[in-house]
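Here's a quick walk through one model, written for someone who likes cut-offs spelled out. Have the coordinates open and follow along.

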Amino acid sequence: SPQVQACLPAKGWTIPEAEIARRLDLRDGGPSGKVLVCSVDPPGCVDIDDALHAYELAPGKYEVGVHIADVGHFIKGGTAIDAEAAARGTTVYLVNKRIDMVPKRLGEDLCSLHEKVDRLAFSCIWEVDAEANILSSRYEKTVIRSAGALSYDEAQARLDDTRLDDPLTASLRILNTLAKQLKARRMAAGALVLGSPEVRFVLDSETSDPTDVGIYKHKDANSMVEEFMLLANCSVAAATTAAFPKCAMLRRHPPPLPGAFESLKRSLGQHGFELDDASSLALGRSLDACAKPDDPYFNQLTRILATRAMQQARYFSSGAAPPSEYVHYGLACPIYTHFTSPIRRYSDQMVHRLLAAIIGWEPLSSDVLDARAMTDLTDNLNHRHTMAQYAGRASVGLHTLIFFRGKEVVEDAHVIKVRDNGVVVLVPRYGIEGVIFVCGAGERNPFAFDEAAETLRAPGCSLSTFDKVRVRIHVNTEKAHKPKLELSIVEPQLPARAG
C-alpha cells in the first residue's frame, strides 16, 4: 500500500555515520581485528537473515557471534509497515515464489546481509570454551560487512578441503567443531532428531515447470548453522523472559498427548522394536534403536511417523502460561523463542524489540506490555504459520502433479498407515504421499482388516505399516479440469478387485 511504501527509506539510502557511531562496528575485523562474518544459506537465497563469526581468543577459548538482520531499525511499532507485517505474520514459501512479509526493498536489499556491503545487525556474542560452554554473553546493535554469502554446499566444501587454511575457512571450522559439541549436549539432554520429507524441485529457467524432484539432503554445514541459531534463540528467550516475565514472546512445544504413540508402538512391535515415550530422552534413544541394516529408510520413516504423532509448536506470551509449560519438548530446552529470522517472521521482530529495550537501545511501546494484545498477536502468528505450511504443501502438491504429467513411473514406497479399505504410502524418492484403496465404494473388500495389528490380510498377501511396496505413479486426466496424481501398488500383487 502507499502507506507502507511511505515508511521505507528514500532511494539511495545508506547507513548514516551517526548510526554507525552508536553501534559496535564489526567491519574490517572489528575492535579485535579478528572478526570475519559470513552467512551460510540455501543456494540462491536473497533474504539473508543471519550470519556468523568465530575466532580463537586464547587456547581453549573462542568468541562466537550470531548476527541477525536489524529489521527493527526500519520497522517501528505503530507504523503502517509494522501493522502490515504483523497481519501477515510470516513469509510464505512456495516452490516457485515467495509471498513476502516485508517489502522486497527491505527483505532482499537493505536488511538482507549480503556480502561485501555494510549492514545493520542485532548480534549475540559469546565467549565459549572448547566444549562450547558459554562463559559470557552480550547483545549488541552492530554494523557488519559479510565476507562471504555462502551456500551450504560451498561452506561444506571449505570444511572438507584440508588444503584450505584461509581465515574464513578457519572460522567455519571453529564453528563446526563447536556446533558438534552443542548438538551432542542437546542430544544427551533429550533433544529429538525428528523427520519430515522435505521435497526439493529443480525448475526450468524459462517455464518454471519442475524438471526434477527429490528429497533435500542435510550436511554438516546445515547443522552448524542450526546449532548456533538454536543457541541464540535459547539465550535470547532466557534474557527477555527474565526482564519481561509477563510479556516475552516465546515458543513452546508441548509434550505428546497421552496415547499419542500407541499406533506407532504397535506397528514397531511387529518388527521387534519398542518405543519408550516416558521422556524425550527415552524417546530419542528408542528412535535411535529402531534401525534395520537391510532397510536404511526404516529409521527415517520411524522418525517421520513419530513427528506426526506429536503436538505442534506454538507461540505464546510468557504471562499466559506458568514457567513449567514454557518447555520445548523436541529441543529439550526449558525456554525457547524465535530471534534469528526477522525478515520472514514477525515473532522475531517482537523479540528484537524486547531485547533492544533490555540493552537500553529504545523503550518499548505500551502495546508490547499489554498481555491481551500479546495474546491476540500470538494467536494470529500461530494461525498464519499454519496457513503458510498448508500453502507450502499445496504448492509442492501442484508442482509434483506438473512433474509427473505425461509420465508413468514405478518406484519404491513404504506403507505409513493402514485403513480398513486401503493404505497410505510414502514414496521416499519423491516425497510423495497418497492413499491407495484396495476396493472401491460398494465393492467387496478382498482383504480382512485386523484393527489390533493394523494390517490388511488376504490369501497370499498382507499390508502393514512399514511394509515396503512398489507403486506406479501417474497423473489421471479423466477429468480435464481436475487432474489427479494416482498411486497403485504393483508389488506385491494384490487380489483382484470385484464388484
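## A serine and its partners

Ser395 sits in helix H12 (residues 371-404); helices (H or I, at least four residues) and strands (E, at least two) are DSSP runs, numbered from the N terminus. At 8% relative accessibility, Ser395 counts as buried, where buried is under 20% relative accessible area, exposed is over 50% and partly exposed is in between (1.4 Å probe, protein chains only).

A word on ground rules: this is a predicted model, so local features need pLDDT of at least 70 and side-chain atom pairs count only at pLDDT 80 or more, while totals for chains, interfaces and linings use all residues. Residues are numbered from 1 along each chain as its sequence is written, and side-chain values use heavy atoms, with hydrogens and water left out.

## The sheet

Five strands make up an open antiparallel sheet, in the order S16-S15-S14-S20-S21; two strands pair if DSSP finds at least two bridges between them. Strands S16 (432-437) and S21 (484-491) are at the edges with a single partner strand each, so one side of each has no neighbour in the sheet. On average, neighbouring strands are turned by 45° against each other, direction ignored. Axes here are lines fitted to C-alpha atoms, for helices over the stretch in contact, and angles run from 0 to 180 degrees between N-to-C directions.

Asn476 has Lys484 in S21 as its bridge partner, and Arg472 stands opposite Ser488 in S21. S14 and S20 also pair in the antiparallel sense over seven bridges, with Glu411 bridging to Val471 in S20.

## Helices on the sheet

H12, the helix that holds Ser395, lies across S14, S16, S20 and S21 and runs at about 65° to S21.

## Rings and charges

Rings of Phe, Tyr and Trp (its six-membered ring) pair if their centres lie within 6.5 Å, with planes under 30 degrees apart counted as stacked, over 60 as edge-to-face and the rest as tilted. By this rule there are eight aromatic pairs. For Trp13 and Phe74, the ring centres are 5.1 Å apart and the planes stand at 75°, so that pair is edge-to-face. Trp13 and Phe74 are 61 residues apart, each in a loop; Trp13 is partly exposed at 24%, while Phe74 is buried at 9%.

What about Phe316 and Tyr326? Their centres are 5.5 Å apart and their planes are at 50°, so the pair is tilted. Phe316 is buried at 5%, and Tyr326 is buried at 7%. Ring pairs also join Phe273, Phe298 and Phe466 into a cluster.

Charges turn up over rings too: NZ of Lys or CZ of Arg must be within 6 Å of the ring centre and within 35 degrees of the ring normal. The charged end of Lys141 is 4.5 Å from the centre of the Phe122 ring, and Arg251 lies over the face of Tyr315 at 4.4 Å from the ring centre.

Terms used:
Contact means heavy atoms within 4.5 Å.
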